[in-house]
Amino acid sequence: MIKAIVMKPADNVATVMEEALPGTKIVIFVGEAKKAVDISEKIAFAHKFAIENIPKGAAIKKYGEVIGIATQDIKAGQHVHVHN
């Protein structure tokens, strides 16, 4: 099972602890809630993926803080990085 970390309950991204390939289902805990996300593209070790749909212009949150703004719509399970 691939592990991923969500730092704070307000976050909308998680960080993978090993490479994740398309079709992988990752189970994460967001606070006390358990959530499953289907990965839709390759996510490299220590990179982020969306744990919910993030619309263009919305804040990307990690550590409970805004770390960026989405430059395009990002679907749950997609890689989140400087390209989007």
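The legends below describe close-up views of a predicted model.

Residues are numbered from 1 along each chain as its sequence is written, and the side-chain values use heavy atoms, with hydrogens and water left out. Because the model is predicted, local features need pLDDT of at least 70 and side-chain atom pairs count only at pLDDT 80 or more, whereas totals for chains, interfaces and linings use all residues.

View 1. D11 is found in the loop between β1 (4-5) and β2 (13-16), where strands (E, at least two residues) and helices (H or I, at least four) are DSSP runs numbered from the N terminus. A salt bridge requires a side-chain nitrogen of Lys or Arg within 4 Å of a carboxyl oxygen of Asp or Glu. The side chain of D11 instead reaches the backbone nitrogen of K8 at 2.9 Å, and a polar atom of the D11 side chain also lies 3.2 Å from the backbone nitrogen of M7. Such polar contacts are pairs of N or O atoms within 3.5 Å; within protein, one atom must be able to donate a hydrogen and the other to accept it, and residues adjacent in sequence count only if both atoms are side-chain atoms. Leaving aside neighbours within four places in sequence, D11 is in contact (heavy atoms within 4.5 Å) with V6, I51, K61, K62, Y63 and G64.

**View 2. N12 and the backbone groups of A59 and K61.** N12 lies in the loop between β1 and β2 and, at 5% relative accessibility, counts as buried. A polar atom of the N12 side chain lies 3.0 Å from the backbone oxygen of A59, and the backbone nitrogen of K61 lies 2.8 Å from a polar atom of that side chain. Apart from residues within four places in sequence, the contacts of N12 are F49, A50, I51, E52, I54, A59, I60 and K61.

**View 3. The salt bridges E19–K42 and K25–D38.** The count of salt bridges in the model comes to 2. In the pair formed by E19 and K42, the closest N and O atoms are 3.4 Å apart. E19 lies in the loop between β2 and β3 (25-30) and K42 in the loop between β4 (33-38) and β5 (48-50), so the pair ties together parts that are 23 residues apart in sequence. E19 is partly exposed, with a relative accessible area of 39%. In the pair formed by K25 and D38, the closest N and O atoms are 3.7 Å apart. This pair links distant parts of the chain, with K25 in strand β3 and D38 in strand β4, 13 residues apart. K25 is exposed, with a relative accessible area of 51%, whereas D38 is partly exposed at 45%.

**View 4. A nonpolar surface patch that includes I5 and Y63.** I5, M7, M17, F45, Y63 and I67 form this patch and together have about 570 Å² of accessible area, calculated by the Shrake-Rupley method with a 1.4 Å probe, only the protein chains shown counting as cover for residues. Patches are made of residues with over 30% relative accessible area and no salt bridge, like charges being joined within 9 Å and nonpolar side chains (Val, Leu, Ile, Met, Phe, Trp, Tyr) within 5 Å. I5 has its place in strand β1 and is partly exposed, with a relative accessible area of 34%. Y63, in the loop between β6 (59-62) and β7 (65-69), is partly exposed at 47% and has a positive phi of about 65° although it is not a glycine.

**View 5. N53 and its contact with A76.** N53 is placed in the loop between β5 and β6 and counts as exposed, at 55% relative accessibility. The backbone nitrogen of A76 lies 2.9 Å from a polar atom of the N53 side chain. Not counting residues up to four places away in sequence, N53 touches I74, K75 and A76.

Conventions. Buried means under 20% relative accessible area, exposed over 50%, partly exposed in between (1.4 Å probe, protein chains only).
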